[in-house]
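Take a first walk through this structure. Keep the sequence beside the 3D view as you read.

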Amino acid sequence: MAQRDYYEVLGVARDASEDEIKRAYRKMALQNHPDHNPDNPEAEQRFKEAAEAYEVLRDPERRARYDQFGHAGVGNNGDFGGFGSAEDIFAHFGDIFGDMFGFSMGGGTRRGGPRPTAGADLRYNLNITFAQAARGAEITLNIPRMVTCGECHGSGAAPGTSRETCRQCGGSGQVRNSQGFFQFVVPCPTCHGEGYTISKPCPKCRGKGQVQETRELSVRIPAGVDTGTRLRLRNEGEAGTNGGPNGDLYVFISVDEDKTFRRQGQDLVLTREISFVKAALGHTITVPGLDGDLELKIAKGTQSGTVLRLPGKGLPYLNQKRNGDLLVEILVKTPTNLSARQEELLREFESSAEESIGDKIIKGVENLLGGKSKKKKK
């Protein structure tokens, strides 16, 4: 029977990528493997045919020769790549099937036994005041965490004794179970995947190799932090096992709101009321700052809602040598409960301010004529 084109066998284009070829082969292997198709010689043939195609196309050199010379260029003459049985295929492509199914299929065992494992990371939620966030602070934390047992030095065995290699798995931490063509590699039930057993556990840690203790840490809070800022303290998490590194400690910061300032990123905002007289004539007021009172000049004719900016008087930017600004919103206060005299003065002011358009035109003409045109008296 004539050999089929390898790209056709796997159902991929001739310019398919390595990942596309790999995925196509996995799909073909799943559909046609013998356990899913018992007593089906056609499925077994497709299974072997797909293995032969993948064996060639996964190798860039052999694929190039195949693209140029066809089957003759790679020396395959319908022998399914030399794979005599499904077991041969499982052994040859153990990495493919292991990735796909999560266990070994005769292609060698996964190395087991006790391995160095990093300790768990820890999280600590820290609430600070606005003043601490603005100026920075040194804060002491008490962190409960698992540490290496000082009695057994992490072995879990009582002093004077040691761990023993697991007799069931020989120290690999794994055992094999066969089912059809598949070999399932599972954690050893005797040592629970550790590769060793402890006949006499350490009395302090009860064989765990770790004990809990509370560690006092001094944490530097940088100036300018905001709610949601995360600080990472390396190696201050829980202890690793079998010589593995410690985890890290993550401090998540929450900042209280301030009674004086509103925060907009690194800018600070506050509101100040002034009288309409001071707004009209101009004035200098005193406003609070992070490092003491500040003077702010109000220009003549300032309108209510105007925002005045004091550059660099806000919060520091993290890891930068600059600050945000202080923004002062001016609200012009309207007087209430006026006396009769005050009302009279306001009316006079309004009357003098409301000059008619006709008056303005006449005055303009007078100015142009050098004063020759004069407003007639009634």
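The paragraphs below go from the whole chain to single residues.

This is a predicted model, in which local features need pLDDT of at least 70, side-chain atom pairs count only at pLDDT 80 or more, and totals for chains, interfaces and linings use all residues. Residues are numbered from 1 along each chain as its sequence is written, and side-chain values use heavy atoms, with hydrogens and water left out.

Start with the whole chain. Its secondary structure comes to 10 helices and 15 strands. Helices (H or I, at least four residues) and strands (E, at least two) are DSSP runs, numbered from the N terminus. The chain has 378 residues, and 34% of them count as buried. Buried means under 20% relative accessible area, exposed means over 50%, and partly exposed lies in between (1.4 Å probe, protein chains only). Contact means heavy atoms within 4.5 Å. Among contacts in the chain with a separation of 6 or more, 64% are between residues 24 or more positions apart.

Now turn to two helices. Helix 3 covers residues 41–57 and helix 4 covers residues 60–69. Their axes come within 6 Å and cross at roughly 105°. Axes here are lines fitted to C-alpha atoms, for helices over the stretch in contact, and angles run from 0 to 180 degrees between N-to-C directions. Helix 3 and helix 4 are therefore roughly perpendicular to each other. Angles of 65 to 115 degrees count as roughly perpendicular. Which residues make the contact? Helix 3 brings Glu 55, Val 56 and Leu 57, while helix 4 brings Arg 62, Arg 63 and Tyr 66. These residues divide into three nonpolar, no polar and three charged. In this scheme Ala, Val, Leu, Ile, Met, Phe, Trp, Tyr, Cys and Pro count as nonpolar, Asp, Glu, Lys and Arg as charged, and the others, Gly among them, as polar.

Aromatic rings come next. A pair of aromatic rings is described by the distance of the centres and the angle of the planes. Rings of Phe, Tyr and Trp (its six-membered ring) pair if their centres lie within 6.5 Å; planes under 30 degrees apart count as stacked, over 60 as edge-to-face and the rest as tilted. By this rule the count comes to four aromatic pairs. The ring centres of Tyr 25 and Tyr 54 are 4.6 Å apart and their planes are at 5°, so this pair is stacked. Tyr 25 is in helix 2 (residues 18–32) and Tyr 54 is in helix 3, 29 residues apart, and the pair links distant parts of the chain. Both Tyr 25 and Tyr 54 are buried. Elsewhere, ring pairs link Tyr 6, Tyr 7 and Tyr 66 into a cluster.

Some rings have a charge over them. The rule asks for NZ of Lys or CZ of Arg within 6 Å of the ring centre and within 35 degrees of the ring normal. The charged end of Arg 123 sits over the ring of Phe 252, 3.7 Å from its centre. Arg 322 lies over the face of Tyr 317, at 3.9 Å from the ring centre.

Backbone angles deserve a look too. Most residues other than glycine have a negative phi. Arg 206 is not a glycine, yet its phi is positive, about 60°. Arg 206 is in the loop between strand 6 (196–197) and strand 7 (210–221). Its relative accessibility is 72%, so Arg 206 counts as exposed. Asn 337 also has a positive phi, near 55°.

Conventions: Angles under 35 degrees count as roughly parallel, over 145 as roughly antiparallel, 65 to 115 as roughly perpendicular and the rest as oblique.
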